[in-house]
Amino acid sequence: MKKQSKKLLAWEIRDYVRTISWFALHTAIFVLSFVAILYINSGFSFSKIIDHVQNGSNVNNLIYLVIAMCLVSVGIYLYFYNENRDFLFKTKNINMIFLLLEISVAINYGVGKYMVYARPFAICALLSLLLMDKRRAIFMNTVACFLMFMIDAFLSIDVMEGHLLYSSLLIGFSTSILAVYLVHGMSSRLKVFLMGFAISVPIIICTVCLEFSAIVASPVIFIVAGFTSGMLSVVLLMAILPVFEKIFNRVTTYRLSEITDHKAPLLKQLREVAPGTFNHSLVVSTLAESCATAIGEDPLLARACAYYHDIGKIENPEYFTENQSGYNPHGEITPELSVDIIRSHATYGAKLIRKHRLPQILSDVALQHHGTLHIRYFYMQASKFSEEALDLKDFSYKGPRPRTKIAAIIMLADACEAKARSLTDRSHESVDLAVKEIIEERMDFDQFYECDITMKDLDIIRKTLTNSLAGVHHDRVEYPKLKIGGNKYE
Ligand SMILES: [Fe+2]
Ligand SMILES: [Fe+2]
């Protein structure tokens, strides 16, 4: 198997120009927003701004601020370029990074106008966590805290009193990282909401450390401010997250829960139009979840991909075995037409998923779950009626081959579920042999050539699929027939 680099997209000069241009644009937006903040801080008075700027040291501060903002942008670019280049490649991701920072800074600044310690310090970290991952959330939080500190330090017309100036750096940095670890892995919105109380505790402790003498005089204000900060972080998170999910089409735990609900429009349609495919997808989802857990992938994502992998069968459901009950329409059409209908379920499924604005990974998996495999049965049928040698490509799925571990899992779970259904002997040994044959066949046809799945992963998947299928498709126990009062019960 080819060792794949994590950076699959090839960058050309124009991609560098495009990404850097977007960074420059967002840097300019930040600089303009600094001007707006200065205007607000001056009490909307240009003369006060002019007085402020005429002071030599303030001019220097403003120049430092612009240079610092440019350096922050360079830092963000270098971080994402080196850590996750494919992520940076997409313009919408660049916009998302900056929009997260812009919104977080705006909210923190707005709340800070009334009470600095009530700022929702953790908002950027939590949004980044749920829209990206833990690592990037910690990085984004660092940037957001630094930006807030720069605004507090360089754009305040009146010097901030006490230790307020350091609140973003000290409270924001430390408590937000704690919030990331607390909220990480939580699948319920209610639990995240309750975490607001937990986040408040370290904020109050940090506030006590910073403002000890003031707290002795009026402790209630600071305790209320700490709780406001924690609760505001989670409330705003819940309000803003769905907007980001929709605009940037991001896959979050909550989004996955929503789209795997059986009442979701496409799933509801699949259940009504193609009940056989719907049941098949449910079994595949159970298998895929187990495999994903076993090799350290996201089980909820695997479940969602399994639910939607055959969604294209909504069109022409009667042409697929699992929806047939006796009558097979393929008997009335040519093998070539049959192949067209069969393989179109992958492309049509991907199209349908995109049309419903579901996460891209679902459409990728729908497209990739049969890779470039042959539809052997119809190739053999067509060969019977043709004197010339047929091109196997005309009887194959168009691919692409699986490009992620999740897509590879769905490919295997899908094939193994169908195979296990056709087995007459469903003993552990027989199922194991069938699973092994399916994996080896796909390896022989280079189906895992484009994804970074390892031999170890495949071995774990084989064992998991065997254990699950031998459990699901166990032989039915023959119950003795009962005869009670002339009625026969089975
Ligand atoms: Fe399929
Ligand atoms: Fe399938």
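Author: First, a rule for length. The expected span of a helix is 1.5 Å times one less than its number of residues. Keep in mind that this is a predicted model.

Reader: What span should helix α14 have, and how far apart are its end C-alpha atoms?
Author: Helix α14 covers residues 275–294, which is 20 residues. The rule gives 28 Å. The end C-alpha atoms lie 29 Å apart, which agrees.

Reader: What follows α14?
Author: Gly296 follows, and its phi is positive, near 80°.

Reader: Which residues of α14 are buried?
Author: General idea before the case. An α-helix has 3.6 residues a turn, so residues three or four places apart point the same way. Now the list for α14. The buried residues are Thr277, Phe278, His280, Ser281, Val283, Val284, Ser285, Leu287, Ala288, Glu289, Cys291 and Ala292.

Reader: Why does Leu287 count as buried?
Author: The cut-off is 20 or more other C-beta atoms within 10 Å. Leu287 has 25 such neighbours, so it counts as buried.

Reader: Which residues does Leu287 contact beyond four places in sequence?
Author: Leu287 sits in α14. Its contacts at that range are Ala413, Cys416, Glu417, Leu465 and Ser468. Another distance to check is the one to Ala306, 19 residues away along the chain. The C-alpha atoms of Leu287 and Ala306 are 9.0 Å apart.

Reader: Now the whole chain. How many helices and strands are there?
Author: The chain has 21 helices and two strands. For 490 residues the globule rule gives 23 Å, but the radius of gyration is 29 Å, so the chain is more spread out than a compact globule. Its C-alpha atoms fill a box of roughly 95 × 65 × 40 Å along the principal axes. Buried residues make up 37% of the chain.

Reader: Where do the domains lie?
Author: The domain assignment gives domain 1 as 13–250 and domain 2 as 255–472. Their centres, over C-alpha atoms, are 44 Å apart.

Reader: What is the mean pLDDT of the chain?
Author: The mean is 88, and 92% of the residues reach 70 or more. Over residues 1–7, pLDDT is below 50. That stretch has seven contacts beyond near neighbours in sequence. Residues 485–490 also stay under 50, with five contacts beyond four places in sequence. Where pLDDT is low, the predicted coordinates should not be read in detail.

Definitions and conventions
Residues numbered from 1 in each chain as written. Chains lettered and ligands numbered in written order. Predicted model: local features only at pLDDT ≥ 70, side-chain atom pairs only at ≥ 80, totals over all residues. Helix = DSSP H or I, 4+ residues; strand = E, 2+ residues; numbered from the N terminus. Buried ≥ 20, exposed ≤ 12 C-beta atoms within 10 Å, placed from the backbone. Rg over C-alpha atoms; globule rule 2.2 N^0.38 Å. pLDDT = per-residue confidence, 0-100. Contact = placed C-beta atoms within 7 Å. Domains from an automatic or database assignment.
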